Amino acid sequence: MKQGDKFVLYSILALVFILFIEYGIFKNHSTRVIVIRSDGKIVKELPINKNAFFEVKSREGHLFVEVKNGKVRVVDSTCKEKLCEKEGWIGNTGESIICLPNRISITIISKNGEKVDTVTY
Amino acid sequence: MSSKKIVNIIAYIFIAVILIFVFTKGKPLEKPAYSEIYSMNTICDLEIYGKDKKAALQKSVSIINTINSIIDDFSPQSDVYKINENAGIHPVKVSKTTIDMLEKAIQIAKQTDGAFDPTIRPLLVIWGFKNKNYRVPSEEEIKAVLKLISYQDIVINKADNTVFLKHKGEGIDLGGIAKGYTLDKIKETLDKFDITSAIINMGGNVLTYKNPPNGSVWRIGIKNPRGSGIRGIIRVKGTKFISTSGDYERYFIKNGVRYCHIMDPKTGKPARKIISITVVSTKGYLGDALSTAFFVKGREFALQNTTKFGVGVVGFDNKMMPFISNNLKNSVTIYNEAR
């Protein structure tokens, strides 16, 4: 195979790959969300695949949550031991970060397969 | 590699890409005609597909507004208001729609031994569900009002198009049948247009019309009666009506007791046999009114009467234990916790 042929072939493969990603064929279709509770109540629910940075307050204090590239972590908590910050990034369904002193928890749950057309109530 | 080979490779890749698109994406999704309106004291979502979707949507919205203007018991122009105001005084001329809806309501009242009763209004008034000043009335108050709850007292004169309530103080409330009835009318309208698919949700009362835009099964979530999310899924095919009655939509809690807006016409108190029940039916008015009657009567009555009415039911008893009629066993999935 000539250099030029290889170039053409690889560019086509790359193009196809990009198309695949663009049209979501390789995308994880599960709708995973981060559930944030403060003082026992759900205060925020957001998708894990969208980058975000925000503050969560509780009666005890506050911390910041960073969501990036399908993972989530705590930064800059007002708690003493900073165990929540040391936990680092989490990204798997069912994983959670709990800041006991602040009474704030961050849990990743899966809503996979729960896509519904509508809801009856 | 010859240029011919490269052309071949390119061709193969193109075919592969096209095949992958066909098998993974199907036809490109058509955009529905969509509208969200606030009517009948609730939110109505309409999503319609097909050549005539815009005209069908417009007509459907006007049906909702028309029926709402007939049954709105707070509007002095409505048929229901006029009937109630003139209870025990004189018959009132009303629209054919009102008579049709009342006849259907009376029919179900008879068939459910009065568990569904369109003359429930005086009870809703004394419990504060009409003006949202919720209160627990005294036993004497309830006893006095119970005499006014009687669907047999609705006198319909079809020759004159009039309706009369026999006694002063009696009152009609069509909240337990009007949304389902409206969905029937929307379905009839969709039939007249070139529509391939539609899903209409009127405050939890759902009409699925034909097949979903990209598949053959509609997935209807059952709202979690205690908290957020859904507690189950009903899979339905084709044109169906799905209605739910539960104690979690309109209720108040006093001294730790939950009082919901669905009244038991026999006791004069909120029904509390079950937490929620969903009815799958081929008639909207039937599913809507039956969900109320089944909610009042409870689990056993509901399960024993599905064949009689040609419906399916899925519900949660007062311990949150699910129950499903045999004809729905294969189409319902219940989750152990909210999703």
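Colleague: How many residues does the contact take from chain A and from chain B?

Modeller: Chain A gives 19 residues and chain B gives 29 residues, where two residues are in contact if their C-beta atoms, placed from the backbone, lie within 7 Å. This is a predicted model, in which local features need pLDDT of at least 70, side-chain atom pairs count only at pLDDT 80 or more, and totals for chains, interfaces and linings use all residues. Residues are numbered from 1 along each chain as its sequence is written, while chains are lettered from A and ligands numbered from 1 in the order in which they are written.

Colleague: What joins β8(A) to strand β8 of chain B?

Modeller: Three bridges join β8(A) to β8(B) (residues 218–223), and the two run parallel. Strands pair if DSSP finds at least two bridges between them, so with three bridges β8(A) and β8(B) pair. A:V119 stands opposite B:G221 in β8(B).

Colleague: Into which domains is chain B divided?

Modeller: Domain 1 is 1–30, domain 2 is 35–67 + 182–250 + 273–334, and domain 3 is 75–165; the bounds come from an automatic or database domain assignment. Between domain 1 and domain 3 of chain B, the C-alpha centres lie 65 Å apart.

Colleague: Why is α4(B) called oblique to α8(B)?

Modeller: Helix α4 (residues 96–111) and helix α8 (residues 284–297) of chain B pack at about 40°, with their axes 10 Å apart. Angles under 35 degrees count as roughly parallel, over 145 as roughly antiparallel, 65 to 115 as roughly perpendicular and the rest as oblique. The angle therefore makes α4(B) oblique to α8(B). Axes here are lines fitted to C-alpha atoms, for helices over the stretch in contact, and angles run from 0 to 180 degrees between N-to-C directions.

Colleague: Which residues make that contact of α4(B) with α8(B)?

Modeller: From α4(B) come B:K104, B:A105 and B:I108, and from α8(B) come B:Y285, B:A289, B:L290 and B:A293. They divide into six nonpolar, no polar and one charged.

Colleague: Why is α2(B) called roughly antiparallel to α7(B)?

Modeller: Helix α2 (residues 53–71) and helix α7 (residues 178–192) of chain B pack at about 150°, with axes 10 Å apart. That angle is why α2(B) counts as roughly antiparallel to α7(B). Residues of α2(B) including B:I63, B:I64 and B:I67 meet residues of α7(B) including B:I186 and B:L190. The contact has eight nonpolar, three polar and two charged residues.

Colleague: Which term describes α7(B) and α8(B) relative to each other, and why?

Modeller: Their axes come within 6 Å and cross at roughly 165°. The two helices are therefore roughly antiparallel to each other. Among the residues that meet are B:G180 and B:Y181 in α7(B) and B:G284 and B:G287 in α8(B). By class, this contact has four nonpolar, three polar and four charged residues.

Colleague: Why is one side of β3 and of β4 of chain B left without a neighbour in the sheet?

Modeller: The open sheet has three strands in the order β3-β5-β4 (chain B), with antiparallel pairing. β3 (92–93) and β4 (154–157) stand at the edges, each with a single partner strand, so each has one side without a neighbour in the sheet. β4(B) pairs with β5 (residues 162–165) of chain B over four bridges, and B:I156 has B:V163 in β5(B) as its bridge partner. α4(B) lies across β4 and β5 of chain B, at about 135° to β4(B).

Colleague: What is the strand order of the open sheet of eight strands?

Modeller: In chain B the order is β1-β2-β6-β7-β10-β15-β16-β17, with antiparallel pairing. Its edge strands are β1 (33–39) and β17 (322–324), each pairing on one side only. Seven bridges join β1(B) to β2 (residues 42–49) of chain B, and B:S39 stands opposite B:T42. α2(B) packs on this sheet, touching β1 and β2 of chain B, and its direction makes about 10° with that of β1(B). α8(B) also packs on the sheet, touching β7 (205–210), β10 (240–246), β15 (274–281) and β16 (312–317) of chain B, with its direction at about 155° to that of β15(B).

Terms used:
Nonpolar A, V, L, I, M, F, W, Y, C, P; charged D, E, K, R; others polar.
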